[in-house]
Amino acid sequence: MRDDVVRNWEIYACFFKALIKNKAWFIWIDECSFNCRSLKYTSWIKPGFDETVIIHSPEPVSTTISALSDEGVLYSQVRQGVNTDVEFLHFLIELERMLNQKYKDIYKEFKSKLVVVFDNASIHLTKPIYTFFRKKGIVAVTLP
């Protein structure tokens with residue numbers, strides 16, 4: 001493990017134990033990109049030549065972002081393109097809207113105990129992301 005993680009391991013452990021003791025409701029978010037070009041190939045032989053030419057499919061990278069809880073998958077998006085903070089923010093806005101609809105009768109109480117956890121990818125650490133969580137009053141934790 002990284003040195004900073006080892007040094008702060010006990011702090012993270014105590015923090016999460018306190019959240020669990022106070023009945024926090026955790027949502028874990030992660031994303032993954034797939035290079036579809038490596039999945040499909042087209043080949044052809046030019047007339048008069050014995051050499052096969054392999055051409056990559058023109059399909060772009062696909063991305064999935066999912067939010068999980070102890071209930072399972074809460075919300076998921078699959079789209080074309082790479083992840084940026086703009087796409088991550090859009091995902092968070094849609095997730096919050098969906099949670100508000102799902103828990104509309106108890107959403108204020110639900111949100112007060114909500115903890116969103118994700119890794120420390122650069123798209124998660126931008127000012128718009130911090131601003132979103134601060135304005136919504138939602139606790140966000142990035143893992144080391």
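The largest cavity of this predicted model has a volume of about 50 Å³, where a cavity is a set of points on a 1 Å grid over the protein atoms alone at which a 1.4 Å probe fits but cannot get out. The structure holds one cavity of 30 Å³ or more. Because this is a predicted model, local features need pLDDT of at least 70 and side-chain atom pairs count only at pLDDT 80 or more, whereas totals for chains, interfaces and linings use all residues. Residues are numbered from 1 along each chain as its sequence is written, and side-chain values use heavy atoms, with hydrogens and water left out.

Lining residues, which have an atom within 4 Å of a cavity point, include Ile 27, Leu 114, Val 116 and Ile 138. Helix 2 (85-102), strand 6 (114-118) and helix 4 (127-136) each give two or more residues to this lining, and helix 2 gives the most, with four. Helices (H or I, at least four residues) and strands (E, at least two) are DSSP runs.

The axes of helix 2 and helix 4, lines fitted to C-alpha atoms over the stretch in contact, come within 9 Å and cross at roughly 20 degrees. The two helices are therefore roughly parallel to each other, a term for angles under 35 degrees. Their contact (heavy atoms within 4.5 Å) involves the residues tabulated here.

| Helix | Residues in the contact |
|---|---|
| Helix 2 | Asp 85, Phe 88, Leu 89, Leu 92, Ile 93, Glu 96 |
| Helix 4 | Pro 128, Ile 129, Phe 132, Phe 133, Lys 136 |

By class, this contact has eight nonpolar, no polar and three charged residues, with Asp, Glu, Lys and Arg counted as charged.

Definitions and conventions:
On a 1 Å grid over the protein atoms alone, a cavity is a set of points where a 1.4 Å probe fits but cannot get out, and a pocket is an open set with protein on both sides within 12 Å along at least five of seven lines; lining residues have an atom within 4 Å of a point. Grid points are joined across faces, edges and corners, and a volume is the space filled by probe spheres set on the points. Axes are lines fitted to C-alpha atoms, for helices over the stretch in contact, and angles run from 0 to 180 degrees between N-to-C directions. Angles under 35 degrees count as roughly parallel, over 145 as roughly antiparallel, 65 to 115 as roughly perpendicular and the rest as oblique.
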